[in-house]
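Here is a short briefing to read with the sequence and the 3D view side by side. Take a look at the model, then come back for the notes below.

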Amino acid sequence: MRWLSILTLIRLATANQAHDTLAERVPDPLTVANFDETLENGYHVVEFFSPYCPHCTHLFPNWVEFYEQSIANNAPYKIHQVDCVNSGDLCDRENIRYYPMVRFYGPHSQLLASMTENSKDAVTLTKFADEQMMIWSDVQLDENVKVPANTLIDKDDLLASLRGSFDKPRLVSFWPTTDDQLNDDTFQNSFKENFVFRFMNIFQFRNVWNLALKSIVSKIGDEDKIDFHFFNCKSHEHVCRFFGFDELLDYNDVVPRVVLFLPNKVSNNAINYNHHTDTLPSMKSAINSLTQWTYRTLINYELHDMKFNDIRNFIDAQTKLPSRGEISDLLDYSKVAFVLINDPKTQVDEDAQILNYLIQDIADLNSNVFLFRTSDLQTVSRFLADQEHNLLDNYIHYQDEGTNDDAVNTKYSEHMFISRTRSSYPTLIAIKAGSIYTTVYKSFMSKDIRDAEKLLAFIKGNYLPVMTHLNDDTFDTLFPSHFDVTSNDKTEKVVLSITDFQPKQLFDVEFHNSFVYHKHIVNKNKHIFENIESKRAKKHAAVKKLRDKDASSDDIIMKLREEIDTDYTTPKNNIITAYTDLNTLKELVEKHGWSNVDIDMFHTGDVLVIDRFKNQYWRTTGDGDQLTIDKPNQTVTFLHDMILGKKLKNSIRLSNVSVLMRIIQIWTALIVTAIMYKLFRSWRLHRGVSHEKFRGLGILDLPNDGKFD
């Protein structure tokens, strides 16, 4: 026991000595005497800690590394610490509620942001500081952040917004506060001047709101095109309960909600921002999300009849794409548009009204999705035909170097083109930036285009762009935790290319992903077309057989009425292409628990095929060859086996199921089996009793077989 105590003391002494050595490499902690003076000018990252906090002790080596890297890299911000045991008054003034708390300050010791990332090391600390520096360095920080006019809206004016009786859009934020706490005089106060900003969710969102308003005005180009307001729920409880914002009434430290009110609309004119900025990876992501959401919703609600070429140019949809070696710039693939095509001779107002009911659903999509309508039929028809010709006759016939394989040997087919694009008007098409393929919604009766659920399923199945940069902001879109049975299929996959973002290599990635995306669609459509033709041939043969047998006209008509599914928009075997770098992939792998993905195995130029909804991925073909951007046809051939229903070989699990989860799965299976067995026995017993009853008894109450016991 004595030796154990001595060893413990030695370990403590060694740990303290190591801590003291590290402490010599960073400045002394700030105190109340020099805090404001030190933070009077410039930008600062400050850690508030307690020497008795285990998390703080664990962070300290990383903090020293972060500090020394900032010095070596000549970072535009300074790094400090505050010991909340020795400077409790300062920490109380700064409303420090847990340790360690890392904050970003601007001039005049103005608090700008707090770090919400749970994992704190030199990398995440640098990322937080660099992002805040990027956000705030362009903002003029006097006593207040200058933002567009943002005023308190009263209840009557807000209710008028619901009726649509106003002239221009209104973006309104709803807060868990009262009119006394938050008004035109106090909205821009610091957290030291207004105690409601001591609630960090409220304070963080106030900064996001301010910067988003500036960004929105910059995006739309004119401050007079939109009004900005805020509304206090705790002064008008019944109004906020009407909107379903109960959490703003029941709690204090919650993120405010946002609604965009659209003018001159008698219904569906209040569009909720449902993306919740506190769940986004960073403050920059939150600002961009709210900005882009507002911008595209403002465009979507207008729904003017436009020239199709204007829509096409806005989206940057193509009829021809460059081949490998001809790419000189990376396109912006983010935009996707759903265009309602009307026949001016037969259109009625009800046909366009359906899009108004989809604005909220479109706004909820985490992607750059737009709604338009046009009656420019000839231009649309010519555009679709030009795309099909260039896709099938030119683009997909690129050959990998040193190979002569072609997963699909196809030229333009009028028959197949009509089969996949045939529809009555009005109909809906999906055009994508950087793509020469357009998906067409099949509408043969007026009820088809007025079926909101069917239209929404079509939109959700086609709203993702041709190519996506995989990062923190897009991960949940590419790999959603929720499986939507109306628009998703378990066979969907992400084709991920690894890049170093050097121009030449990035252009190769762009060609690989674009080529794989388009050629895979051709393979899939050809497979669907061949199945349709096969079913039609069997149907015609069956009808002929009935006629040869002189079958009744009713039987022949019944066979002729059998429908053949001609849907080319099924999500089955769909792919999404993406790209990222090794460092980002490593961060995502660690963050999302893909424990079986060994980053050291991958190199720039490698390709991974990842299941969207299953726990597996592939890095090699069935023959064991590494998938790479240099051989796009190899990737296409690998995916073609999926279309044909073959099992893809050499799959690797993204992560192992934990022992606890396996135990739960086994016990669940055993319990379900036991319940099913019990139900089966009960059914057998009940069936046996019923059978005996139905056998009946003789006239002497004896079995009717006449036998005695």
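This is a predicted model: local features need pLDDT of at least 70, side-chain atom pairs count only at pLDDT 80 or more; totals for chains, interfaces and linings use all residues.

Residues are numbered from 1 along each chain as its sequence is written, and side-chain values use heavy atoms, with hydrogens and water left out.

**Aromatic pairs**

- A search of the whole structure finds 37 aromatic pairs; rings of Phe, Tyr and Trp (its six-membered ring) pair if their centres lie within 6.5 Å, and planes under 30 degrees apart count as stacked, over 60 as edge-to-face and the rest as tilted.
- Tyr43 and Phe104 are a stacked pair, at 5.9 Å centre to centre with 20° between the planes.
- Tyr43 belongs to strand S1 (residues 43–49) and Phe104 to strand S3 (residues 101–106), so this pair ties together parts 61 residues apart in sequence; strands (E, at least two residues) and helices (H or I, at least four) are DSSP runs, numbered from the N terminus.
- Both Tyr43 and Phe104 are buried, where buried means under 20% relative accessible area, exposed over 50% and partly exposed in between (1.4 Å probe, protein chains only).
- Trp175 sits in strand S6 (residues 170–175) and Phe187 in the loop between S6 and helix H7 (200–220), 12 residues apart.
- Trp175 counts as buried because its relative accessibility is 0%, and Phe187 is buried with a relative accessible area of 2%.

**Charges over rings**

- Arg206 lies over the face of Phe197, 4.4 Å from the ring centre; the test is NZ of Lys or CZ of Arg within 6 Å of the ring centre and within 35 degrees of the ring normal.
- Lys490 places its charged end over the ring of Phe483, 4.9 Å from the centre.

**An open sheet**

- Six strands make an open sheet in the order S14-S16-S15-S17-S18-S19, with mixed pairing; two strands pair if DSSP finds at least two bridges between them.
- Strands S14 (467–469) and S19 (652–653) stand at the edges with a single partner strand each, so one side of each has no neighbour in the sheet.
- Strands S17 (residues 607–611) and S18 (residues 616–618) pair in the antiparallel sense over two bridges, and Ile610 stands opposite Tyr617 in S18.

**On helix H23**

- Ile666 lies in helix H23 (residues 659–695) and counts as exposed because its relative accessibility is 52%.
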